Amino acid sequence: MSCILNIETSTNVCSVAVSQDGACIFNKEDHSGPNHAVKLGIFVDEALSFVDNRDIALDAVAVSCGPGSYTGLRIGVSMAKGICYGRNIKLLSVPTLELLAVPVLLHHELEDDALLCPMLDARRMEVYAGIYDRALKEVRTVQADVVDESTYKEYLDKGNVYFFGNGACKCIDAINHPNAKLIKGIEPLAQNMFPIADKRFRDGMFEDVAYFVPFYLKDFVAKTPKTLL
């Protein structure tokens, strides 16, 4: 099995956790942020000391890759890449919206045909959102939505859609549909990255440490020759 250091900095919350064989063996969170520039290095140092003092071999670093806060994502990804270079280990990326769905799937009763719509606040009535089924298969790709009562109507007319994340509360009244269900208190946390990170590790879904960038910069990198980056 694997030992993975998980880093999550996509919102105001800064969190770091270590999983071994799918179980949490270390976890630190700061909810008073955004304090990523101050807290992340401290949490990572404590996590690395924890595994080193117990002679646990670290196999990979998993980092939340967005969407989310531009500054937060850059801090988290930079830290993750530095650890991978320094320890010569693998890099994994975890999509933030899929991460948000993990506690919903684990701790809430959902209908078999329910859809999940994690949302991250952007500005005004805009959010980054995706739509997934209960197997976390993408029903609609992640995109920026300006939310009104018609934005998700085609999915809501077919059944219940569960909205959650820090963009959901401001949007639920605008959506105004009987099949729209709001789940409060869902935040992207490193301790919830384990199922996705472990699966990606088993499947060999590793990132190129040199050229990996978070969600916001992917279009730029795709259009730029690597020799210019």
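Modeller: Two strands count as paired if DSSP finds at least two bridges between them; strands (E, at least two residues) and helices (H or I, at least four) are DSSP runs, numbered from the N terminus. The model is predicted, with local features needing pLDDT of at least 70 and side-chain atom pairs counting only at pLDDT 80 or more, while totals for chains, interfaces and linings use all residues. Residues are numbered from 1 along each chain as its sequence is written, and side-chain values use heavy atoms, leaving out hydrogens and water.

In β8, Q143 is the bridge partner of A129. Six bridges join β8 to β7 (residues 126–132), and the sense is antiparallel. Strands of a sheet pair through backbone hydrogen bonds, either parallel or antiparallel. The open sheet has five strands in the order β8-β7-β6-β9-β10, with mixed pairing. Its edges are β8 (138–146) and β10 (180–182), each of which pairs on one side only. On average, neighbouring strands are turned by 25° against each other, direction ignored; axes here are lines fitted to C-alpha atoms, for helices over the stretch in contact, and angles run from 0 to 180 degrees between N-to-C directions.

Helix α3 (residues 96–107) packs on this sheet. The strands that α3 touches are β6 (115–123), β7, β8 and β9 (161–164), contact meaning heavy atoms within 4.5 Å. The direction of α3 makes about 130° with that of β6.
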